[in-house]
Amino acid sequence: MRQIPAAVAVLGLTALALVGCAPTGPADAGCERVTAPASSLDLVNVTDAEAAPAATTTTPVYVTKTSFTDIATGSGTPITTSEQDVQLGITLLDGATGQTVLSAPTRLVQVSVLEQTFPTIEKILDCARPGSRIVSAIPAKDLNPDLVSQIGLSEEQAAVVVIDVNTVFLPAANGVPQYVDGSNIPTVVLAPDGTPGIIVPDAVAPKDLIIKTLKKGDGEKLTADSTPRVNYTGVLWNTGEVFDSTWEKGSPATLSLDSVVPGFQKALEGQTVGSQVLAVIPPDQAYGDTASGSVPANSTLVFVIDILGIDTSDDATTATQ
């Protein structure tokens, strides 16, 4: 048996302070939204805008700790880890003057990236779902010092942040495990955070395309025109070595199904969000007799793919496979 050495290692993902949420459980299982309101948030007036939410305040907003409340609640997949991808619109105000500092239209970003600027964003977004609108006030001590300096806040002042949560991608496939039959099928083992390890049988590579649904999700079905957001690991059948893995890169990828190798496309088309798929792709449906990067010519490929959502953002950058 040939086993990928590092594929089953835990990557040490930073988790939010969750309320009963498990990264690999059902999308809405036990994730209770808890807010931290403050009376000063009533001073913020939020209205709809074409891109980012529009917010105003005519009275200075002061808080001594990060405070937030929901003025619209959403439904669907909750935000449960700081490694999760989300699509957000953000408006930032100087709480002392009410001046708009930033109005950013919806963009895809990882929560951990937002933490670099807003260290307490994990509290603000914990268990928020698509369709939520959150108004928050963050004291200067809870902000990145560079941002405090840029805005010109004093130690006693605060920033007002309004967030529209538009899309939340799953942290890992959360579908119902499926029975997998057949001989010489690679074995998949999962680390606690969902990172897959693949054990390739010590056997001759199959000549035909093999597709097995390991977990069946209940989300939207992929079509040929879909641009799914996925995590995947790809290994070579002959050696069991990883040649590509979004898990190792630390960020999922958005794929256009018309730009991936035929076997990869067939493995995903018709699958549903939340599913995990195993695909054994023979050379004639992969790269054939041409080498590609670290993949030798005439290689049989094995992929484990987690379908995290469908990326419909205007700024979606698609990868090839």
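This is a predicted model: local features need pLDDT of at least 70, side-chain atom pairs count only at pLDDT 80 or more; totals for chains, interfaces and linings use all residues.

Author: Residues are numbered from 1 along each chain as its sequence is written, and side-chain values use heavy atoms, with hydrogens and water left out.

Reader: In the open sheet of five strands, what is the strand order?

Author: Strands are DSSP runs of E with at least two residues, numbered from the N terminus, and two strands pair if DSSP finds at least two bridges between them. The pairing in this open sheet is antiparallel, and the order of its five strands is β4-β7-β8-β5-β6.

Reader: Why is one side of β4 and of β6 left without a neighbour in the sheet?

Author: In the order β4-β7-β8-β5-β6, β4 and β6 (100–110) each have a single partner strand. One side of each is therefore left without a neighbour, because both stand at the edges.

Reader: What does the twist average from one strand to the next?

Author: Axes for this angle are lines fitted to C-alpha atoms (for helices over the stretch in contact), and angles run from 0 to 180 degrees between N-to-C directions. From one strand of the sheet to the next, the twist averages 20°.

Reader: Which residue of β8 is the bridge partner of I134?

Author: Strands β7 and β8 run antiparallel and are joined by seven bridges. The partner of I134 in β8 is I163.

Reader: Is R133 buried or exposed?

Author: R133 belongs to strand β7, residues 133–139. Contact means heavy atoms within 4.5 Å, and beyond four places away in sequence R133 touches residues including V46, P53, I71 and V162. Buried means under 20% relative accessible area, exposed over 50% and partly exposed in between, with a 1.4 Å probe and protein chains only. The relative accessible area of R133 is 13%, so this residue is buried.

Reader: Which residues are linked with R133 in a network of salt bridges?

Author: A salt bridge is a side-chain nitrogen of Lys or Arg within 4 Å of a carboxyl oxygen of Asp or Glu. The side chains of R133 and D164 meet in one, at 2.6 Å from N to O. This pair links distant parts of the chain, with R133 in β7 and D164 in β8 (residues 158–168), 31 residues apart. The network joins R133 with D48 and D164.

Reader: Which parts of the chain does the salt bridge between R33 and D70 tie together?

Author: The closest N and O atoms of R33 and D70 are 2.9 Å apart. The two residues are 37 apart in sequence, so the pair ties together the loop between β1 (2–3) and β2 (45–47) and strand β4 (residues 67–72).

Reader: In the salt bridge between D244 and K249, which residue counts as exposed?

Author: These side chains meet at 2.9 Å, N to O. D244 counts as buried, because its relative accessibility is 14%. At 59%, the exposed residue is K249.

Reader: How far apart in space are A224 and Q265, C-alpha to C-alpha?

Author: A224 is found in the loop between β12 (210–216) and β13 (228–236), and its relative accessible area of 33% makes it partly exposed. Not counting residues up to four places away in sequence, A224 touches L257, D258 and E269. A224 and Q265 are 41 residues apart in sequence, and their distance in space is 8.0 Å.

Definitions and conventions: Helices (H or I, at least four residues) and strands (E, at least two) are DSSP runs, numbered from the N terminus.
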